[in-house]
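Thanks for coming, everyone. Please look at the sequence and the structure on the screen while I talk.

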Number of protein chains: 2
Amino acid sequence: MGVGYICCTSSSSSSSTLLTYKPKQLFNLANPTTTSITSQSHFKTSTNFYSISCTSSSFLPLKCGAGIDIRETQDENTSNPMMGIHNINPDLLQQMVYDALVWCSLHGLVVGDKSVQNSGIVPGVGMKHAPFALLPTSFPQTQWQQACDLMCIFNELIDRVSLDGNFLQDTLSRTKRVDVFTSRLLDIHSMMLEIKKKEEIRLGLHRSDYMLDDQTKDLLQIELNTISSSFPGLGCLVSELHSNLLNHYGDHVGLQSGRVPGNTALTGYADALGQAWKEYNDPRAVVMVVVQTEERNMYDQHWLSTVLKERHAVTTIRKTLAEVDSEGELLPDGTLLVGGQKVAVIYFRAGYAPSDYPSESEWEARLLMECSSAVKCPSISYHLAGTKKIQQELAKPNVLERFLENKDEIAKLRKCFAGLWSLDDPHAVRDALERPELYVLKPQREGGEC
Amino acid sequence: MGVGYICCTSSSSSSSTLLTYKPKQLFNLANPTTTSITSQSHFKTSTNFYSISCTSSSFLPLKCGAGIDIRETQDENTSNPMMGIHNINPDLLQQMVYDALVWCSLHGLVVGDKSVQNSGIVPGVGMKHAPFALLPTSFPQTQWQQACDLMCIFNELIDRVSLDGNFLQDTLSRTKRVDVFTSRLLDIHSMMLEIKKKEEIRLGLHRSDYMLDDQTKDLLQIELNTISSSFPGLGCLVSELHSNLLNHYGDHVGLQSGRVPGNTALTGYADALGQAWKEYNDPRAVVMVVVQTEERNMYDQHWLSTVLKERHAVTTIRKTLAEVDSEGELLPDGTLLVGGQKVAVIYFRAGYAPSDYPSESEWEARLLMECSSAVKCPSISYHLAGTKKIQQELAKPNVLERFLENKDEIAKLRKCFAGLWSLDDPHAVRDALERPELYVLKPQREGGEC
C-alpha cells in the first residue's frame, strides 16, 4: 500500500451548559487543517510524492551539496504536477534550504537539540530548527475536503463512545489481561464508573492521521489521537514556511503559494482550551499542561500557551506527573489545586506512554486529576476511546450504528476505515507474513510510533 | 562618571539625484530609536539603574534560584521609580525569566551558541537566546528626545566630513604612522582621491552610543559607529520583549508597557537599504552583505535581510571578503559583479577590524568594492569619518563650524561631546592615572569594544 500521509487536527468540546453540540460554531473553527510537519518516517512508504526532509545532521555543511535527503518518485508516469527534484537547479535548491533554515530560526520553528544538555528542560538553550519537508506534498483537493469534513463526525463519535463505559471496558477486556498500562488506565476508568463520576465539560483536542492509498486514491485513516496530539504550533509554522518559500521560489519549482491550505490548528487548539477554561468559570484558575520531565518538543507547546495567553488572557502552568503528585490537592468540592493554584483545565502532553509512569506517584497523580472537577483534555474515557482496539471494534459491522444515527455520516466514516486485524487472527498473520508490503504493524498505544 | 547607556540608530543617505537632504522625509523614518539590547559590559559603570542580565550559562538550572545576574542600585536615595529588584517575589522573577526565554525562542531573539559547532556558519543549528536585560532601564524623556534629535545632525555632519578628503587625511596622518589598519584604509582613501572617485549615492547606517552622566544627567556621546552598526533586528525584538513582559507583569514591577519607546530601527535600516537599492536603479541587482566567515550574530543580520525582502522585494546575498575577492569582477563601467550577480548596494557587517583582513585578498576585495559604482554602506570616507580620532578632532574649537552652518545645531552637537583626550597629552594621562574612575580608555577602532 503506497500512501501519502496527512494529519487533520480539530478541537471538540461538549458541555452540559450547551444545548447543541456544534464545535465549529462554538469555537469559531475553520475546517480542521493539516499539520504539514513531517518526519522521514511519515514518508517511508511514499511512492508517489516528492519530499525533501531536512535534519541538522544530514546536510551539514551546506556547501558540500550532499546529504540532503531527497525522496523521488518511483513512478515516472505519475500525474503529480510537481517538478522532479532533479529539475531544480542545485544552487537554487541550496538557496531554498538556506532560506528555509533562516525562516525556521526567526519564526520559532525550533526544537531542542538532544546533543545539548538541558535542551529539553530550559527554554532558549540548545535550539535547532525542527525537521521539515522543504516543499509541500501535493494532495488531491477532494480527499482533503473529505478529511476536513470527517473531523466533526469523529469528534462526535469519540464523545459518544467515551460515554459508554461498558463498551470501553468490554472491548478492552482482553487487552487488559496482556497490557499492564492499558490495565491501569482501565482501573481508573472503573473507579470513575463506580463513583458515577460525571464530566460536565468535555474537551478533546484530536488529530486524525490519514494515508492515501496509492492504487485507489482512497483516504484511509491510520489512527485517531485523543491524547497529546502534537504539532498544532509547529505544524502551522510549516504551512507558513511553505507559503513563504513558494512566494519566492514557486515559479522555479512549479508550485503556487496560494495553493498551500491555510492552517488554523494553533488558534483552534487555543480557542478550544480558552472556551473550556471559560466554561469552568473561575477567572483565577489556570490551564495546567502536564509535561514530560524532558521535552525537546517544548516549543510546540509554548506556542500554544502563548496564543492562549494572547487570545484569551489565560495563564498556563507546566507540571510533570510527579509534580502533580507532590503539589496536588483535591478540595472536598472537587477543585484541583496544584502548587496552590486552582486548575480549570488539564491538558496532557504526557501520560500516554508507560515510561511516563516510572513509579506509583505518577499513577496517583493521574487518579487525583481524574477525580477532580477540572476539565481533562482528555478524560480517561476519551483516552481509552482513542486506543487501536476501540478503533478496530468500531470498524466491525453494526458497531458505528450503536453510537451514531445519521446513516450518511456512518457511511462517510466507514469509507475511510482501513482494514485492521488483530494478531489473534491467524489468517491475517499468515497473509501479512507472506505479503508484508501490504500491512503496517501498529502498537496498541500512543507516542509517535507511526 | 556613573552613567547609563543608550544607543540611537538611524539611516541616512544622500544622493545626487535629490535636491535636498531630508533623510526623514526620504525614508519616512520615525525618529531614530533605541536599540535596547544590552550586554553586561554596557552596564559595567551603572550605578543608578536596575538591570538583570541573563545569559544561558549563568542561570542554569532555572530551579536553582541562583545565578541570575542582578545588578542593583548603589544609591538608596535614587529617584528612579523602578521597584528594587529585591521587592520582586523570587517565584515571580523566575516566572518572568522563564517567559522571557520562551519569548526569545519563539520570536527569533537568538544568537549562535559558540559551544556548538557550525553555529556561526549554518543557520538553524546551535541556537540560544540572545543575552538580554530582563527589564528596561529607566531613562529621562528629555535626554531621550535630545538623542533622537541629534541623529539627523550627526548624519549631516558625517556626510560633510566624508566629502572633505584632506581633512580626513590630515587628521589621521599621525594615526597612519602607528596603526597599520588605519593606514591601509587611508591608502584606499588616497587612491579614491587620486582618481577623483565620486560617490553619487551615499548611504550611512549609523548608531550613536550615549551614556548619561550620573551627576549632571547630561547626555554624553561615547562614539558614533559608521560601519557595521549592529542590532537593528535583535534590538527591536528586545523592545517587543520588554513590552510583552510588562503587559503581563508591569503591575508587579511598577513599570508600564506603554512607556517602552517604539523601536523602528529594523524597518528604518531596511527602508534605507531599499531606497539605496532603488536609487541604483537596476531591478536585477542585489544587496550584498559582507560577512565574517563565522558570525554568531547572524540572526540580527537575517532579520534585516528578511524585512528588506518583505518590504522592498530586494534580494540579499552574503559574501565574505575572501569570496568577494575570488568571485568579484569589475566591469569597465564600474558595475560590480560577485558570483555573476550585479551588486547594487554593499552592506558591510565585516571589514571593520584587522582580523577581518588575514591576507592581501581581503584588502584587494575592499579596494575592488570601493572602485565600483555600487552604493557602499559605508564608503571608505564614511568609515574613516567614524574613527575616534576624527571624533576627537571634531570636538576641538571651531572645527564643527568648518562643516555646519547652523549655530543652533552646532551647539546641540557640542553639548553632547564628552571630553576626549589623546594619550599624547601628558596632563590627561597623569590625571587619568590618578583618578581612573573618571575616564574610559577606548581603542581607535570599531568592534564592540565598548
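Let me start with a term: two strands pair if DSSP finds at least two bridges between them. Strands here are DSSP runs of E, at least two residues long, and helices are runs of H or I, at least four residues long, both numbered from the N terminus.

Now the ground rules. This is a predicted model, where local features need pLDDT of at least 70, side-chain atom pairs count only at pLDDT 80 or more, and totals for chains, interfaces and linings use all residues. Residues are numbered from 1 along each chain as its sequence is written, chains are lettered from A and ligands numbered from 1 in the order in which they are written, and side-chain values use heavy atoms, without hydrogens and water.

Take strand β8 of chain A, residues 201-213. It runs antiparallel to β9(A), and 6 bridges join the two. Which residue of β9(A) is the bridge partner of Asp209(A)? It is Glu223(A). The hairpin has 5 residues between its strands, and there Lys217(A) takes a positive phi near 65 degrees. Buried means under 20% relative accessible area; exposed is over 50%, and partly exposed lies in between, with a 1.4 Å probe and protein chains only.

Next, the record. An unreviewed UniProt entry annotates Arg207(A) and Gln301(A) as "binding site". UniProt positions are given in the numbering used here, feature names are shortened, and annotations may be inferred rather than shown by experiment. Arg207(A) is in strand β8 of chain A. Its relative accessibility is 10%, so Arg207(A) counts as buried. Gln301(A) is in helix α9, residues 298-312 of chain A. Gln301(A) is buried too, at 2% relative accessible area.

Finally, the two chains. A rotation of 180 degrees, with 0.0 Å of shift along its axis, superposes chain A on chain B, RMSD 0.0 Å. That is the relation of a two-fold axis. The superposition is by least squares on the C-alpha atoms of residues with pLDDT of at least 70 in both copies. Which residue of chain A comes closest to the rotation axis? Met127(A) does, at 2.4 Å by its C-alpha.

The contact, meaning heavy atoms within 4.5 Å, takes 31 residues from chain A and 31 residues from chain B. Ser105(A), Leu106(A) and Met127(A) supply 23% of the area that chain A buries against chain B. Buried area is the accessible area (1.4 Å probe) that two parts lose on being put together, summed over both.
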